[in-house]
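Trainee: I would like to learn how to read the features of a model. Please show me the chain and take me through it.

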Amino acid sequence: MPVVLPSTDRGQDSRVGAPEWRQAAQATSRKAHLLTDRCGQEAVTMWQPKDSVLDPNVAHHLGRAAYMEPWRFRVEMLKGGGTLEKPPPGEGVTLWKGKMKPPAWYARLPLPMHRDARAQQTAEVVHAHARGARLTAARLGRAQHQINGQLRLLLRQREASDRRLSEVRKGLLINQQSVKLRGYRPKSEKIPDKADSMLVWEKEELKSMKRKMEKDMEKSETLLKALASCRDTLDFYCQERLQAVELVNQPLDKVLEQAGRHSWVDITRPPTPRTQGQKTPPPDPVGTYTPACAKALFEAKRLLMESKDTLAEMAKNEVDIQNQQQNISDRVCASLAQKMRETLELKERMTMTLGLMRGTIHRCMKFNQEMYVTRGLIKGPLLKKNLEAREKLNRPLVRMYQRHVGTQLPEATRLAQGTDKLTRHNLHMEKNLAELRTTHDNLAWGLNCKKIGHDVDYDVVRLRLRQRHPHVCYEQAQRLVNDWDPRTPPRSQTSTAPK
């Protein structure tokens with residue numbers, strides 16, 4: 001075994017080797033030493049955290065002591081004068097026996113369990129994505145459920161509004177039929193009155209209500225299409241998220257309950273004493289809650305609020321229009337009933353007047369006949385042979401007395417004057433009787449017209465009360481308006497086939 005002799009200082013003159021040879025050997029040794037230090041440091045550094053690299057300008061034991069100083073327990077003074085040792089805050093493993101708490105160690109190179117760790121990390125990422133997808137699907141499904149509920153409410157309200165619109169249209173048909181029936185009155189009864197003005201006013205009000213209901217129906221139809229489109233979008237995104245969810249026996253409502261959110265749209269969320277649920281995550285284009293999902297949920301929230309206001313407005317308009325239509329119809333019927341009472345009062349007066357005129361005509365006819373009999377008695381018989389002796393103007397007493405011109409008797413003159421007076425009185429009576437008969441006929445015709453007008457108004461009121469019943473549909477009222485004219489013969493129901 002060779003023996004290494006201690007080096008002794010020799011003068012450069014006593015050295016045998018050449019200086020170049022010596023310098024080459026020293027350079028090789030220095031290079032090997034640096035390589036050894038670097039490789040050793042790099043090998044250890046892979047197992048040490050970044051902040052554990054010591055300063056090369058500080059001694060190793062001093063650097064190690066300074067590095068381990070934060071790990072040691074801290075002594076705190078208590079109020080009673082005692083002391084208490086506490087480990088430093090932060091993550092790490094507490095060594096109670098050594099009174100130290102080194103920080104958590106993070107390796108910078110793959111360990112033997114690297115493959116299992118990466119597999120577990122991948123599983124955690126996949127499970128986190130699945131949980132996010134399931135939660136997003138639950139939120140989308142709940143929003144879709146609320147949209148479906150709002151769609152059902154809107155459809156029911158549209159049906160109610162459509163029935164009310166049908167009632168308004170039926171009211172227009174009833175108004176048209178009322179005007180048509182009142183057109184069958186006689187000419188003397190067609191003088192414009194307040195009942196006609198009420199019918200015109202009713203028609204204008206019904207047209208205004210019809211336009212208002214049609215606007216509500218158009219608005220609800222647009223909202224219905226938007227809700228249906230939003231529901232389809234939510235269903236598409238929900239089914240898309242469900243494709244990434246593993247098969248677990250857990251309903252989506254349970255997922256929302258675990259998240260502390262009854263409704264992600266946050267419209268019908270009841271107050272609960274539980275803690276506030278999870279906040280809405282920010283949209284992530286590559287995550288489960290994408291901007292498209294956020295936009296769909298925001299659109300669903302907006303449509304739910306808009307549909308809620310629209311439903312309230314439609315319900316209010318329906319009730320208002322129903323009450324307004326009922327009040328208008330009652331006012332029109334009341335005006336027609338008032339017109340019927342006035343017509344009935346005039347009928348009673350005209351009937352009394354007609355009876356008085358009939359008695360007057362009978363008395364005048366009787367008195368006229370008596371005047372004709374009196375005229376005949378005064379005028380005498382038609383033939384001369386039927387005259388009695390005392391009635392002749394050429395009897396002896398008269399002939400003897402009238403021999404002188406100045407002794408003319410007034411008998412013939414008075415007879416002629418009386419007969420002429422009776423004749424003129426009879427002619428005047430005939431004229432009065434003709435005038436009475438004409439007036440009587442006109443009064444009877446007017447009474448008949450009043451009766452027809454009263455019957456027509458009664459039929460109009462009865463028609464309106466019968467047709468405005470909810471059991472009478474719009475088609476029945478339309479067939480009534482399009483029916484044949486009562487003044488014309490009915491149309492044949494069966495058409496004869498050509499031979």
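Trainee: What pattern does the chain follow along the sequence?

Mentor: Helices (H or I, at least four residues) and strands (E, at least two) are DSSP runs, numbered from the N terminus. Here the pattern reads α-α-β-β-α-α-α-α-α-α-α, with 9 helices and 2 strands. This is a predicted model, where local features need pLDDT of at least 70, side-chain atom pairs count only at pLDDT 80 or more, and totals for chains, interfaces and linings use all residues. Residues are numbered from 1 along each chain as its sequence is written, and side-chain values use heavy atoms, without hydrogens and water.

Trainee: In which sense do strand 1 and strand 2 pair?

Mentor: Two strands pair if DSSP finds at least two bridges between them. Strand 1 (residues 74-77) and strand 2 (residues 83-86) are antiparallel, with 4 bridges; Arg74 has Lys86 as its bridge partner. The hairpin has 5 residues between the strands, and Gly81 there takes a positive phi near 100°.

Trainee: How are Phe73 and Trp96 arranged as an aromatic pair?

Mentor: Rings of Phe, Tyr and Trp (its six-membered ring) pair if their centres lie within 6.5 Å; planes under 30 degrees apart are stacked, over 60 edge-to-face, the rest tilted. The structure holds 3 such pairs. In one of them, the ring centres of Tyr67 and Trp71 are 5.3 Å apart and the planes at 70°, so the pair is edge-to-face. Phe73 and Trp96 are also edge-to-face, at 5.3 Å centre to centre and 85° between the planes. Phe73 lies in the loop between helix 2 (60-68) and strand 1, and Trp96 in the loop between strand 2 and helix 3 (114-182), so this pair ties together parts 23 residues apart in sequence.

Trainee: Is Phe73 buried or exposed?

Mentor: Buried means under 20% relative accessible area, exposed over 50%, partly exposed in between (1.4 Å probe, protein chains only). Phe73 is buried at 12%, whereas Trp96 is exposed at 54%.
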